[in-house]
Every structure is written in C-alpha cells, then in structure tokens.
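Please read the points below beside the coordinates.

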Amino acid sequence: MTMPTFQGATTVLDSVLFRDAFGTPAMREVFNDRALIERYIEVEVALARAQARCGVIPADAAATIAERSRYADLDLDHLRHETDIVGYPILPLVHQLVKLCGDDAGRYVHWGATTQDIMDTAVILQVRAALDLVDADIAELRRILADLAVKHRDTPMAGRTHLQQALPITFGYKAGIWLAMFDRHAERLAQLRPRVLVGQFAGAAGTLASLGDQGLAVQQALMEELGLGVPATTWHVARDGLAEAVNFLALVTGSLGKIGLDVMLMASTEFAEVYEPFVTGRGASSTMPQKRNPISSELMLAASKAVRQHAGLMLDAMVQDFERATGPWHAEWIAVPESFVLSAGALNQARFMLGGLIVDAARMRENLGISRGLIVAEAVMMGLAPHLGRQQAHDVVYAACREVNEKGGTLAEVLAAMPDVSRYLDRPALDRLTAPENYLGMAPAMVDRAVGQRG
C-alpha cells in the first residue's frame, strides 16, 4: 500500500491533511508544476508550427521542435535552479529545449517571443481548462438546486430579516433564489470566455517588431494552433481579462458562502430546520459527542473569504507601469491558481452538501408557530386595511402584537377580542389570515419561474 507523504506541503491547498477539503484533484492537476511546464512547452511548439505555416522558420525545424520538446526529457532540478537565478522559468526552459532540439532546429525555439508571451498564453490555457471544470460544477449544482426548489416548492417555513421572523416563505423559494444566482453565474461564465480566453504573442515591448511584417500573421496562426482568441492589442499590461476571471470566481464563491451561512444558521440547534448529509464521524467534536458540525458549509464560507481577497489582489495587479510591469504581474501567479483551486473545493463541498441536504419540514412548520401568529401580522393588517385604512389597520395590529408579546395568547385570540377588528373580521376569517401557509405570496410561483428559466 502506497502511503501519502506528509513532507513538503506548506498550505492547505497542497497539504495531505487538508487539500481535498479546500480543493479537488482535478483542479490541482490543471495548475500543478508539471501541467504548467507542459503548457509552456505546448505554447513554444505551437509557436514554431505557426511560424512554419507563415514561412518565418523552416518547416523541418518546427517538426523537430514538436517532436523533441518533451517534458519527460527535461532536467527539472536544473530548471528549478536556473529559475531561482533568472527569476522566470522561460529562459531556463528555452535553454533546455534548444539543447534537446539540436543546433539546426534549436536556433528557432522561442523565435521572436518574449517570456511573458509564453507565460501569459500558458496561463490562459490553464484558465480554459479550469473554467471547463467550474462550468461542469455549476451545471451540476444548478440541477441539484432545481431539484430542491421543486421538491420543496410548497414547504412553508419562516422567512427571516435582520435574523427575526418576518413573513412565511417556502424552502423551495429559498432554494430558487440560490438557483437563480447560479443561473446568472452560468451566464456570466459563457459571456466572459471570449474576453478572457485570448492568447498573448507580442514580443519584447508588445509591438511584434522582431518579426517585421509577419508579426500579426504569426500571432493569428499561433492562436489558431491553440484554439484561443486573437488579441486586438497586446495585453502585457492590460490585465482585465485575468482579473475578470478571478473576480468571477469571487462572485461564485460569494454565492456559495451565502448558501453556507444560511445552512449553518438553519442547522443550529435552535432552528434545526436542515442538516448536512449524515456521514459517520463527519463534523464530530473531540469532546462533545452530540455535535454534528456543518463542515461543508464552513469550508464554503472560508473559501469565499479567501477568493474575495485574491479578487482584490487581481484588481491591484491591474495597475501596471508602462509597457511591461515591474512586479504586479507576479501577484497573479499567486492569485490565479489558488482562486481556482479554492473555488473548485467550495463547489465540490456545495454539491455534496446540497445534494444530500436533510430538510426537516415538520420543524420548519413548528418554527412558523413559535411567534403565535405574529409572523403573519402583515396579512391581518392588509385584511383590515380596506375597512380601516392602511395606517389605522397598522396601528391596530401593532397594538395587538404588543399585547401578544406582553401578555401571551395568539394573535388571532387577541384580535378577536378587539371591537375595531371583530366588527369586520370574524374568528374564522382571523384564523385564515393568521395561518402562515395562507400568506406565501408568489413564493411558489417564483419557484416555477426560476426552474422554468433554466437554460
């Protein structure tokens, strides 16, 4: 049996203990060192092929570069050592590729390119693969949320504002709100792809001067080789595309954090309306045997806070000097991979938690009754308004609510004893008005609309 190594990791993203709580194997595979270096090589090979197509370098040189530029043949220790010295990995990588390709073909490796061209285009290839994973997770989460919304379309519960019971809603309505957020995220993702998935090839100062009049043709051919969009202008120091991608992830994880916070509150002992899926030992306390902590929700909330910080870092990194920046670019090396890994982890936790969410409809109904009818005070006010006018109806019901709070009884009982009310509404009418399930408004219809609008 192969045992995992506990040496080397320094963050939760790579820790054997924590990495699957805060990320997923698939997303880590997109951004690990091997994948990154392979993307660098992919861009260098595609560049050679594009230049051969344009007649800039010999076709046999491009073929040799494609054949011999293999990750397996690199001296990784030497690559790391040289990267420490140079500060960037591309020049050390090019040194090795030139040697692997031989004198005739090697001279054409990295022809007319600059380090940032290769690194930027490689990260866009990573982002494309990462967005595919996010897209699939969002699609699955939308399905789960739609199922929850439909199943609990008419399950009444207390709606809360400022942490106080406000009006009756349904749990399906709450799930429908969650669903609509992720419908919008799916739309945002589709819209940002053409803006973000644009490659970079522009040369030292972004003018493609090194290739003379062939610069734009090579750029076009390179993007065709890689299946990326062609930039209208160089984006060496125009970083809005990558900033948009990470800020999109901040929106996604922000929504996940909102859902996680709702579930955590609803799972508290005093509410006890929902529970995360039961797995033996999950959420257990080392000292309190009764505990069942909402672990997935907590991880979703933590990820939302971390990605939000990276979103701010990406906005900071947009402020770059002149035609090539002095340092903000490096911040992206931290923010982009970590944001995607954290987002994938949070989406994975959400799929697990919401896919197996335990909903206690009976407890929801019980909680609806703890205010003794006060939660539907608005319904009574609106029922009295045609007879007394809206403001006087408000004052009458307000006085009744104060009496319920101070002396006990139910809202219907207190109202029935008030002459200003009983002359217009008999006890059966008051019982109907103070039944929470009769004051759901358009909540069920909104569920139907949210589910019906899924694309």
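This is a predicted model: local features need pLDDT of at least 70, side-chain atom pairs count only at pLDDT 80 or more; totals for chains, interfaces and linings use all residues.

1. Over residues 372-451 the chain is 70% helix and 0% strand, with 33 Å between the end C-alpha atoms; helices (H or I, at least four residues) and strands (E, at least two) are DSSP runs, numbered from the N terminus.

2. Residues are numbered from 1 along each chain as its sequence is written, and side-chain values use heavy atoms, leaving out hydrogens and water.

3. The whole structure holds 26 salt bridges, each a side-chain nitrogen of Lys or Arg within 4 Å of a carboxyl oxygen of Asp or Glu. One of them joins D183 and R142 (2.6 Å, N to O); because D183 lies in helix 8 (residues 171-196) and R142 in helix 7 (residues 115-151), the pair ties together parts 41 residues apart in sequence. Both D183 and R142 are buried, where buried means under 20% relative accessible area, exposed over 50%, and partly exposed in between (1.4 Å probe, protein chains only).

4. K174 and D262 also meet in a salt bridge (3.8 Å, N to O), linking helix 8 to helix 10 (residues 240-266) across 88 residues, and both side-chain partners belong to buried residues.
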